[in-house]
Amino acid sequence: MTDLERRALLGDKEAQKECTEKGIVLSCPFCGGEVLSIIGNNGMYYIKCYECNALVSFHNDSCNANVFKALAVWNTRQSPPVGQCGECKNW
């Protein structure tokens, strides 16, 4: 995983935008696995995870029937909640 991908997964909007512009598909938000494919069909785009077989669909209203817009929706994520336990080296 590159630093750019790591920042994008942590919710950095600029990193998410850069990943999308470079055609980088971020890992699955459910299992962290590799995405198998982005499939377009009649105004719907489907993104399927290779690891857990999760299938996410985007209707043409959300991505305007464009594979790059579907990728942008997929790559745009909120950052996960980050806490500090006091026991790890990153405290």
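Modeller: Buried means under 20% relative accessible area, exposed over 50%, and partly exposed in between, with a 1.4 Å probe and protein chains only. Helices (H or I, at least four residues) and strands (E, at least two) are DSSP runs, numbered from the N terminus. The model is predicted: local features need pLDDT of at least 70 and side-chain atom pairs count only at pLDDT 80 or more, while totals for chains, interfaces and linings use all residues. Residues are numbered from 1 along each chain as its sequence is written, and side-chain values use heavy atoms, without hydrogens and water.

Biologist: Which residues of α2 are buried?

Modeller: The buried residues of α2 are A15, Q16, C19 and T20. These residues lie on the same side of α2 because they cover an arc of only 140° around the axis; the arc is that of the directions from the helix axis to the C-beta atoms. Their cover includes α1 and α4, where contact means heavy atoms within 4.5 Å.

Biologist: What caps the N-terminal end of α2?

Modeller: D12 does, with a side-chain oxygen 3.0 Å from the backbone nitrogen of E14. A polar contact is a pair of N or O atoms within 3.5 Å; within protein, one must be able to donate a hydrogen and the other to accept it, and residues adjacent in sequence count only if both atoms are side-chain atoms. Just after α2, G23 takes a positive phi of about 80°.

Biologist: What is the accessibility of E18 and of K22?

Modeller: E18 counts as partly exposed at 30% relative accessibility, whereas K22 is exposed, with a relative accessible area of 54%.

Biologist: Which residues make up the largest nonpolar core?

Modeller: A nonpolar core is a set of buried Ala, Val, Leu, Ile, Met, Phe, Trp, Tyr and Cys residues joined through side-chain atoms within 4.5 Å. The largest has 12 residues: L4, A8, L9, A15, C19, L26, V35, Y45, I47, F58, A70 and W74. The elements giving two or more residues to this core are α1 (3–9), α2 (13–21), β2 (44–49) and α4 (67–75), and α1 gives the most, with 3 residues.

Biologist: In what sense do β1 and β2 pair?

Modeller: Two strands pair if DSSP finds at least two bridges between them. Strand β1 (residues 35–41) pairs with β2 in the antiparallel sense over 6 bridges, and V35 has C49 in β2 as its bridge partner. The two strands form a hairpin with 2 residues between them, and N42 in the turn has a positive phi of about 50°.
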